[in-house]
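Colleague: I am new to this structure and would like to go through its helices with you. Please show it first, and then I will ask about it.

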Amino acid sequence: MAVEPTVAGLLDRFGRTYAEEAGITLRDKPSPLYRLLVLTVLCSVRIGAGTATAAARELSAAGLRTPRAMADARRGTLIAALGRAHYVRYDESTATALGRGAGLLLDRWHGDLRRMRDEAAGEPGRIGELLQEFPRIGPVGAGIFRREAQAVWPSLRPYFDERVLVEARTLGLPGEPDGLAALVGPGDLARLAAALTRASLAHVGAG
C-alpha cells in the first residue's frame, strides 16, 4: 500500500484529536491546557475514550475550565457532571483526583501548565515525569497529554508512543518517530498520532 494514500486516508477517517472531540480548542494558554490535563485524567482509567471526552465536555459546561474553578467546586458538582456523561464507575475517585490535581497545579505552577513546561526546559521526558506527579496520571496518561499537546508545544515534536508506532508499522508506515513525522507537516503531527491511536483501537475492536 502506498504511504501517501495511507496517511491521507488515516487523517480523513480518524484524524480528529481527542482534545477536539472534547470540545477543546487547544492553544498555548492556561485554560485550554488545563482542560487537556483534565481530559488526560479522565482518560487514565479503563473507560472508553468517548465517555472520557463526554465527561470533559460536561465539566467544561459546568464552568470547571480552570484549576481555581475546579479546586473551589463542590464535590457534588463534579460528580453530577461526570454522571451526565455516564462516567459513573470512577466518579468518586475522579472527583478526588481532579480536586487534588487542581491544588497541585495552583500551588506549584500558579495554575499555568506552561510554567511546568518551562521548569522542564521543554524536555519531553521531564515533562512526562512532572505530569506523573498529578493524581492518577501515570506513564500512559503522560503520553496522552504529550501526544495532544505537541500541537501547541513544539518542543514535544514529534511525539508518538509505542502503540502509535506499532500501528504505523502494521499499516506499512515508518515505525520510528522521525520517519513518521516526515509524512505530514508539523501542524498535523497530533492529528496523525490521534489517527493511528484510533486506528489501533478500531483494530482491537474488530478483533
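Colleague: How does the distance between the end C-alpha atoms of α7 compare with what its 19 residues should span?
Modeller: The model is a predicted one. At 1.5 Å a residue, the 19 residues of α7 should span 27 Å. The value found in the model agrees with that: the end C-alpha atoms of α7 are apart by 26 Å.

Colleague: Which residues of α7 are buried, and what do they pack against?
Modeller: The buried residues of α7 include Asp91, Thr94, Ala95, Gly101 and Trp109. Ala97, Leu98, Ala102, Gly103, Leu105 and Leu106 are buried as well. These buried residues of α7 pack against α3, α4, α5 (67-72), α6, α8 (113-119) and α9 (124-131).

Colleague: Which residue just after α7 takes a positive phi?
Modeller: The phi in question is about 55°. The residue that takes it, just after α7, is His110.

Colleague: What is the make-up of the contact between α3 and α7?
Modeller: α3 and α7 pack with their axes 11 Å apart, at an angle of about 145°, and the crossing is right-handed. Tyr34, Leu37, Val38, Val41 and Leu42 of α3 meet Thr94, Ala97, Leu98, Ala102 and Leu105 of α7. The contact of α3 with α7 divides into 9 nonpolar residues, 1 polar and no charged.

Colleague: How far does α4 reach from its first C-alpha to its last?
Modeller: Helix α4 covers residues 49-61, which is 13 residues. At 1.5 Å a residue, the expected reach is 18 Å. The model is close to this, as α4 reaches 18 Å.

Colleague: What covers the buried residues of α4?
Modeller: The residues buried in α4 are Ala52, Thr53, Ala54, Ala55, Ala56, Leu59 and Ser60. Their cover includes α2 (18-21), α3 (30-43), α6 (75-84) and α7 (91-109).

Colleague: Which residues of α6 does α4 meet?
Modeller: α4 and α6 pack at an angle of about 135°, with axes 8 Å apart, which makes α4 oblique to α6. Their crossing is right-handed. Ala55, Glu58 and Leu59 of α4 meet, in α6, Leu78, Ala81, Leu82 and Arg84.

Colleague: Which residue takes a positive phi just after α4?
Modeller: The phi is about 90°. The residue just after α4 that takes it is Gly63.

Colleague: Does Asp161 count as buried or exposed?
Modeller: Asp161 sits in the loop between α10 (139-149) and α11 (162-170). A residue is buried when its relative accessible area is under 20%. Because Asp161 has 19% relative accessibility, Asp161 counts as buried.

How values were computed:
Residues numbered from 1 in each chain as written. Predicted model: local features only at pLDDT ≥ 70, side-chain atom pairs only at ≥ 80, totals over all residues. Heavy atoms only, no water. Helix = DSSP H or I, 4+ residues; strand = E, 2+ residues; numbered from the N terminus. Expected span 1.5 Å × (residues − 1). Buried < 20%, exposed > 50% of the residue type's maximum accessible area, 1.4 Å probe, protein only. Contact = heavy atoms within 4.5 Å. Axes fitted to C-alpha atoms, helices over the stretch in contact; angles between N-to-C directions. Parallel < 35°, antiparallel > 145°, perpendicular 65-115°, else oblique. Left-handed = near helix turned anticlockwise from the far one by under 90°. Nonpolar A, V, L, I, M, F, W, Y, C, P; charged D, E, K, R; others polar.
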